[in-house]
Structures are given as structure tokens and as C-alpha cells.
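Dear colleague,

Below is the structure I promised to pass on. My notes follow it.

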Amino acid sequence: MKYSFREAANVLGVCPATVRNWRKSGLLTSLEKNVVETLCEKIADGTCPRLRKRANRRCDSRTFDPKEYGTFDDAGRDYQSRIPVGEKACLGAYYTPPAIVDMLLEQLALCPNQTLLDPCCGSGIFLVRAAQKFHLPPENLFGFDRDPVAVRLARKNLREAFPDRVFEPAVFHADFLAWEGRQTWDAIATNPPWGAERFASSENWHNPIPTKETFALFLVRGMQTLRDGGRFAFLLPESLCVAARHAALRDFLETDAHVTHLAHHGRIFTHVMSPVVSLAGEKRSTTTQHSVDWIPHSTETKEQLERLYALPHQTLAGHAEWALGIVTGDNTRFVKNHPDAGEPVLRGRDIQPFAISPPERFLRWEPEKFQQTASEEKYRAAEKLVYRFITDRPIFALDTQKRLTLNSANVLIPHLPGMSSRVVLAYLNSRTMQWIYRQKFPGRKVLRSQLEQLPFPHISAKIHEKIEKITGEILSGKNLCDTLNDTIDSTFRIHHSTLFQ
């Protein structure tokens with residue numbers, strides 16, 4: 001018998017992405033039942049301690065503070081606060097703050113005779129708030145959820161919202177993605193599960209998006225069950241707007257929907273790093289492509305970006321080597337704070353603009369024991385750029401000591417025609433390039449796909465020599481960053497750099 005990635009993840013107690021990483025790195029030689037279960041036994045008995053920590057992620061016993069849930073639904077609030085963080089992470093399900101619910105419902109503007117669906121309703125906050133806000137009768141409210149306790153709470157809350165009515169709430173203990181009904185609705189409002197993966201479990205609907213991420217599946221299936229002109233309001237991860245893997249989903253929305261609202265809210269869920277966006281609009285009866293400003297900008301900002309990209313330039317796409325930092329699988333075992341443990345290894349926090357702080361961590365180069373590494377030649381390059389992975393802007397430094405990096409610090413070896421590594425370093429740390437990056441890629445991770453889109457203007461040999469000289473002096477300890485920024489601003493034809501402060 002052979003497991004799927006999802007089935008193996010359930011057996012091992014990790015997410016499918018971790019199983020894929022273990023499979024690629026050879027830690028899991030196959031998905032055969034006996035191989036997976038043998039590894040599970042080794043993790044459990046401590047034979048593989050470096051994997052045990054990852055396997056325990058789903059067992060995180062922390063819970064949420066009930067105060068975060070506001071005053072709605074005391075029983076539901078208490079139930080939500082008792083679910084461990086690890087279980088929520090595996091399901092991709094998090095409670096929606098009432099203020100966000102109300103903001104999303106504002107986008108629907110429903111009439112009392114219209115129907116509303118929440119396909120993953122939890123304890124029913126969207127349905128109850130919508131009933132109160134739009135005076136919807138109970139027979140116009142519909143919900144689905146896979147959690148039987150949440151379904152009971154949603155039914156209870158709906159009955160309490162209509163104390164003068166006797167009715168059976170249309171809240172179903174069922175998987176909406178496997179639902180085989182043909183009913184359509186006037187509106188959908190929901191916070192679908194996200195951060196997890198699964199296969200759509202029904203053959204009765206077509207998924208045009210090559211994805212298994214739960215939020216995308218609920219978004220597509222929900223849109224399909226809307227009537228033409230029906231309205232939708234979703235709370236979604238910000239990765240929808242910026243990640244390359246969601247390009248097909250963005251195309252789907254630009255073709256099959258008219259997006260009227262997109263707002264970035266930052267982090268709103270405790271213990272969840274991902275920023276959040278709210279998305280609303282209406283289903284289109286015609287498939288006419290229209291563009292969506294996935295990263296909202298002012299008119300002035302749009303014009304500035306267009307002008308900067310209109311300059312003759314080149315990018316790192318196809319002109320660089322890249323390497324991810326080392327994933328040991330067990331830093332407690334391999335990474336130490338004394339030199340006797342091995343050679344220096346760089347972390348993200350060690351990297352400052354143009355400078356590297358003295359490393360405080362050490363490890364031995366034993367790639368066969370690590371979960372993931374790049375080829376050693378990338379780390380040992382005579383001259384390479386290293387950069388922080390978790391940050392809201394590019395932060396790069398030059399490494400000429402052939403040092404290793406952990407996974408919070410990645411490697412770039414640029415090969416831009418006519419531009420040295422030190423000049424590339426100068427541009428990436430410049431205020432203009434950082435302004436461009438922040439406008440195009442809000443978030444807390446610096447990704448290769450994003451860096452490959454940044455524009456490097458064509459410059460003369462004279463300007464190149466000047467930038468390289470100033471950069472060399474900065475690397476030697478001189479404070480010439482303002483001079484460097486002014487010089488780089490001029491290559492972008494910017495004369496008032498305070499525009500980007």
C-alpha cells in the first residue's frame with residue numbers, strides 16, 4: 001500500500017509540505033505504508049530527534065485568549081478558545097474577529113429577500129450578523145461546516161437571533177467541497193480555512209485552478225454556486241495578491257468576477273504570521289478580462305512605478321545563482337553558540353545593510369544529516385551576497401569568507417551584464433530600490449521571485465565605477481550611504497528622493 005502525501009502527513013503528524021521536503025531530501029525514502037510507519041515509530045521513540053520537533057507542531061497545546069473574540073456567542077467563544085493552536089494550524093481554521101465580519105458584510109449590501117451562504121460557518125457569526133444588519137429572515141441563511149460542535153453552536157445562535165420564530169436552521173454538518181446539491185445563492189460571506197492543503201472531494205464540480213490550497217478551493221467553488229451578479233466577501237491570506245503560485249487564481253478572479261473591494265489588514269490572528277486581506281465583488285455573467293490592483297496604490301505611486309519601470313533596465317531573472325540557507329531539521333542538536341562546535345554560520349539577524357555582524361552560531365558541515373541544503377559551492381563562493389529572508393525590505397551584505405548560512409539567510413550570486421556584485425549590492429540596499437520593493441511586495445518575506453522583478457537601470461561605465469568606489473568605502477566602514485543613495489537616485493532620474501521616504 002502506498003500513501004498519498006496527505007495520508008502520510010496525517011500518520012507522521014506534520015503538514016504535507018514537510019512530507020514533500022523529507023521525500024526530496026531522502027529522509028523519507030518512499031511513501032510505502034511500511035516505510036512511513038517505520039519513520040513514524042523512529043520519531044516517536046526518539047531515534048530521529050531532529051524530526052520529532054517538526055512532527056510535534058500539530059500538538060502545539062497553546063490556546064487563544066477568549067477576550068479576542070468580542071461579545072458574540074459566549075458558548076462559541078469558549079469552544080474556540082479551547083481548540084489547541086496546533087489543531088487549528090492543521091485545519092487552517094481560525095476564528096474571525098467581529099469587527100472584520102462587520103467590515104466584510106458592509107461590502108454585500110443585501111436586501112431582505114436575498115439569500116446568504118457561509119460555506120465554512122463555524123459558530124455562525126457571519127450568518128447572525130448578516131441577519132441583524134440586513135434584516136434577513138432565517139430561511140434565507142445557509143451554512144456548512146465539518147465540525148459537528150460548531151454546527152450545533154451555529155444552529156443555537158441562529159435560533160437565539162430569532163426568538164419569536166420556530167424553525168430548523170439550514171446549517172449542515174457537511175463538507176461544502178463535497179456537496180452535491182445544485183442550489184445557488186445571492187451572496188457568500190466567509191473566512192475559509194487557509195494555510196492547509198487538500199484535494200477537492202467531489203467530482204460534481206470543475207476546479208479550473210491548479211491548486212489544493214483550501215482557501216482557493218472554497219473561493220472557486222463558492223463563486224460557482226453564486227447566481228449571476230451575486231456578491232461575495234472573503235477573508236483571505238495576503239499571499240493571494242503577491243505569490244506566483246496564486247497567479248491562476250488572480251486570473252480567475254479578473255475574468256469571472258468584478259472585484260470592488262480589496263483591503264490589506266496585516267496580521268489579525270494570534271499565533272499566525274500571515275497577513276490578511278479582505279476581498280469582495282460580484283460574479284460576472286460575461287468572461288471579459290479586467291485588471292485588479294492587487295497591491296493598492298495611490299495614483300501618484302502608480303505613476304512613479306510606471307516611470308521607473310519605463311527606464312531602460314535589466315533584472316536578475318536569468319542573471320543570477322540562488323541558494324536557500326541550511327535547514328538542519330534540529331537546530332538544538334546541530335547549531336551551537338561556541339566555536340568548538342564547528343565553523344561560523346550566518347543567520348538573518350546577523351545581516352545588516354552592507355555589513356555582517358560577528359556570527360554567534362556555529363555548526364559542522366554535515367549535509368547528509370541535514371534536512372535541506374544547497375550545493376556547497378554556492379556557500380563557498382569567493383564573493384556572494386547574503387540577505388535576510390524574514391523582513392519587509394531587501395537587506396543585503398557581501399560575504400567574502402565563504403561562510404554557511406541558515407535558512408533565515410539566503411544567498412545571491414549575481415551575474416548581471418556590465419554590473420559587478422558590489423554595484424548590485426549597492427542598488428539592492430538603496431532607498432529607491434527599497435521603496436520599489438515595498439510598493440510592489442508588501443509582506444514579511446523576501447522571495448527570489450520578487451527580487452527577480454526589481455529594475456536595475458542601464459548605467460555608463462563611469463557611473464558604474466563611481467558606485468563601486470563608494471560601495472567599497474562603505475564596506476570599509478565609511479558613512480557614505482547618503483552619497484550612494486543620491487548617486488543611485490540619479491540613475492533612476494530622481495531628483496527629490498524625499499518622495500520615497
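**Cysteines and helix H19**

Cys241 has a relative accessibility of 6%, so Cys241 counts as buried (buried is under 20% relative accessible area, exposed over 50%, partly exposed in between, with a 1.4 Å probe and protein chains only). Cys121 is also classed as buried, at 4%.

Please note that this is a predicted model, in which local features need pLDDT of at least 70 and side-chain atom pairs count only at pLDDT 80 or more, while totals for chains, interfaces and linings use all residues. Residues are numbered from 1 along each chain as its sequence is written, and side-chain values use heavy atoms, with hydrogens and water left out.

There are zero disulfides in the structure (a disulfide is a pair of cysteine sulfur atoms within 2.5 Å). For Cys121, the nearest cysteine sulfur belongs to Cys120 and lies 8.0 Å away.

Helices are DSSP runs of H or I with at least four residues, numbered from the N terminus.

The buried residues of H19 are His464, Ile467, Ile470, Thr471 and Ile474. Seen down the axis, they fall within an arc of 135 degrees, so they line one face of the helix (the arc is taken over directions from the helix axis to the C-beta atoms). They pack against helix H16 (421-428) and helix H20 (481-491), where contact means heavy atoms within 4.5 Å. On the face turned away from them, H19 carries the exposed residues Ala461, Lys462, Glu465 and Lys469. After H19 comes Gly477, with a positive phi near 110 degrees.

Regards

Terms used. Helices (H or I, at least four residues) and strands (E, at least two) are DSSP runs, numbered from the N terminus.
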